[in-house]
Amino acid sequence: MWICSTSSCGQKQQRQQFDPVTTTHRTQSHGHNNRNNNIQSIQRRQHSLGTICSIAIFVLIAVIQMHSVTGLREGLSGNMQSCANEGEEIQIKDIPNSKCFKCTCQNGFVKCDKSCPSVDDCFLLESKSSDNCCRKCKGCMHRGVMYASGAEWSDPEDPCKTYKCIASVVTESTQKCYSQCDDNQLTPPRPGECCPTCQGCKINGQTVAEGQEVVASIDDRCLVCQCSGNKLSCAKKTCPILQCPKSKQKQNPDECCPRCSGAREFRSVTGKCIFNTNLHYDKIEFMPDRCTNCTCLNGTSICQRATCPILECAPEFQEDDGCCPRCIVAEVRSECSLNGITYMNNETWNMGPCRSCRCSAGNIRCSEMRCPPIKCRANEEMKTPPGECCPKCLETAGTCTVFGDPHFKTFDGKFFSFQGSCKYLLAADCHGHNFSIRLTNDGRGTRRSSWPKTVTLKLRGLRINLGQKLRVKINGTRVTLPYTDFSSNGHGHGHNVSIERLPEGGIMLRTELGLTIEWDGNNFLQVSVPAQYKHHLCGLCGNYNGSGRDDLTGRDGRMHDDTEVGHFANSWKVGGPKSCSRTRENVVAQPTCNKHKTNFYCQPLHESDVFGNCDNRLNPNNYIASCSMDVCECPTGTCHCDSFAAYAHECRRLGVQLPDWRAATKCPPGSWRRNATLETFAGNSNYGDPTYARFAKGGGSASKARRRKQQLQLQRRQQNELQENEYIKKHVPNKFLRPRAPDRTPPPIH
């Protein structure tokens, strides 16, 4: 069920009474009748807002028919809806304010993220309007132009004079320039610029990347340099004046300026300025502190604060001089000492990829790279490359999974099932031809089902075969594990292959290409390839182009739909008829199965606690469908465990801490080691109702009862005829038993 959040429906009722002046001023200036009118007006607005909210609820239910949208702190809540096309954006039409959130298909669920800017540190929030779901921090009016909170701009006549708007307060200051390069490398500022620039983007001998910001001195984090066009410019700006009082300000150790802690909503007061807990009239001057002068103009506080000078001395040689610190006269030295190492004046050294230092007149001044905030997409992970300072969003490896009877999840997240019993091209580098992987299926004596039997990797003259019961062959020769091969193939390339057993069972094959294959020795297989192979692959695992819609593309390049999986898969068949375990395939027809049977065996996938509440991260529907198919024609009695293992493996890959699901489901690792019966699972509370088997064995269905009754009647007729024939042979003379012509009537028996 959809519910409207408190912030979107009940905002009128939950105003923060932050200022007695702003909340009572209008009440004190009106009479009793006006107060009644105001109360009635407020009630009408609340009623209208409630009606609109109720209509929006029904529109949401009727239009998108989804159980939930997650990731929103404000607006929507409920259960999550399933989706099929992994990674694609889900367009939600005809919903007001849909621009405030973006929905995509992630791990089989529709997940939505707010696209609103953060207002966590805004101490003056605007009232939320009915046509906008994003909360806004109050902007600033300056010289007739409206600026959003957070905006920063320069004076067109004086580029060194800067302005910044934070929550209806404009801070005006003059930036101070700084440079470390020699005069012959210094370029004067161009028109519209304030500070000169240094040729080449280096500070303390460390290279600054294009667009990168670096703190010139960790002792003064307000002194910032930036690389643009292979030129480095450095300047210091004063911190913006904040709305919140000192008691509500917080200072992060790696930031220059403090921030407000917490947000606050206000009621607009035309022509007046709200500052901290005070209300100031238009054109009235006030001083928040002894170093700041402010004037209220058109509802915006315009404040001036001087920028403190750039000091060359260390913090221990500084003292307070009113509004800014100053250097104490100290002995000037020509060398610096750090960790027992002596550095001469102007000598530089690195302290890692993020920090570099310089010896300046006996003082150590260190600069530090500033890393911008980043947010990675669903198919990316945040990693810091070796030798670099800042993390980057790197695309995760593509994974293709095969399990059970067999079911496939392609590199782009497309699910399909195909029960062919032959040999197929699973995945290959169809551009560079660096590797190919073949999958051989085995029907195991069934009519329609099959299971992965062996997987073969061909890599630069090396042929690796992973077989049943964890048997491994290299170029036809069986090897023991662990196995490594770092030999050369004669063309300047090494194999760099390693195969080892995994602690949880199964084996892992790793190659120098970044290609890995995990195999459990039974029917679970997972292939991972690095993102550099995107758009280069082909086979049953798809083309790995970021979209699952075209994964059913055959060898001839023709795309197939979900009803043509057989044609698609057979186009990737390799080897002759001898590679098939069945002489005639009948995989198009889906097996019919007792619904109660599938409900019994697949019930643990519906139990959230069995898999550590993983159903909040990964949609189990595809695995439930796979389980339902596998139990229909299962020669071992444990086929449902294959879907459990595949689901648990994917949950682990997503970082879910799993309980001992094998003990909870009685699914031991390596199901090829044993067979199981209904009694193995019937006493487990995580499974469904086992009473369906009583009817199946006893012929309780109507059709089976009729067939059984007909068989009994036939047996009685045959028995009666036999007794009648024996009686005739014993009591009737043989001459009367001779065959007669059909048209003659036999004589009467006396």
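Guide: Let us begin with C181, which counts as buried because its relative accessible area is 16%; buried here means under 20% relative accessible area, exposed means over 50%, and partly exposed lies in between, with a 1.4 Å probe and protein chains only. Before going further, please keep in mind that this is a predicted model, in which local features need pLDDT of at least 70 and side-chain atom pairs count only at pLDDT 80 or more, while totals for chains, interfaces and linings use all residues. Residues are numbered from 1 along each chain as its sequence is written, and side-chain values use heavy atoms, with hydrogens and water left out.

A disulfide joins C181 to C198, with 2.0 Å from S to S, and the term stands for a pair of cysteine sulfur atoms within 2.5 Å. The angle about the S-S bond of C181 and C198 is -80°, and this link is left-handed. The two cysteines come from distant parts of the chain, 17 residues apart: C181 sits in the loop between strand 9 (176-178) and strand 10 (186-187), whereas C198 belongs to strand 11 (residues 197-199). Strands are DSSP runs of E with at least two residues, and helices are runs of H or I with at least four, each numbered from the N terminus.

This pair can be set beside others, for a search of the whole structure finds 29 disulfides. One of the links joins C122 and C137, whose sulfur atoms are 1.9 Å apart. The torsion about the S-S bond of C122 and C137 is about 85°, so this disulfide is right-handed. C122 and C137 both lie in the loop between strand 3 (109-114) and strand 4 (140-142), with 15 residues from one to the other, and both cysteines are buried.

Another disulfide is formed by C273 and C296, with their sulfur atoms 2.0 Å apart. Because its torsion about the S-S bond is about 90°, the link of C273 and C296 is right-handed. Here the chain is bridged across 23 residues, from C273 in strand 19 (residues 272-275) to C296 in strand 22 (residues 292-297). C273 counts as buried because its relative accessible area is 0%, and C296 is buried too, since its relative accessibility is 0%.

Q526, placed in strand 46 (residues 525-529), counts as buried because its relative accessibility is 5%. The side chain of Q526 makes a polar contact of 2.9 Å with the side chain of T401; a polar contact is a pair of N or O atoms within 3.5 Å, where within protein one must be able to donate a hydrogen and the other to accept it, and residues adjacent in sequence count only if both atoms are side-chain atoms.

For contrast, look at E512, found in the loop between strand 44 (507-510) and strand 45 (516-519). E512 is partly exposed, because its relative accessible area is 36%. In sequence E512 and S498 are 14 residues apart, while in space their C-alpha atoms are 9.1 Å apart.
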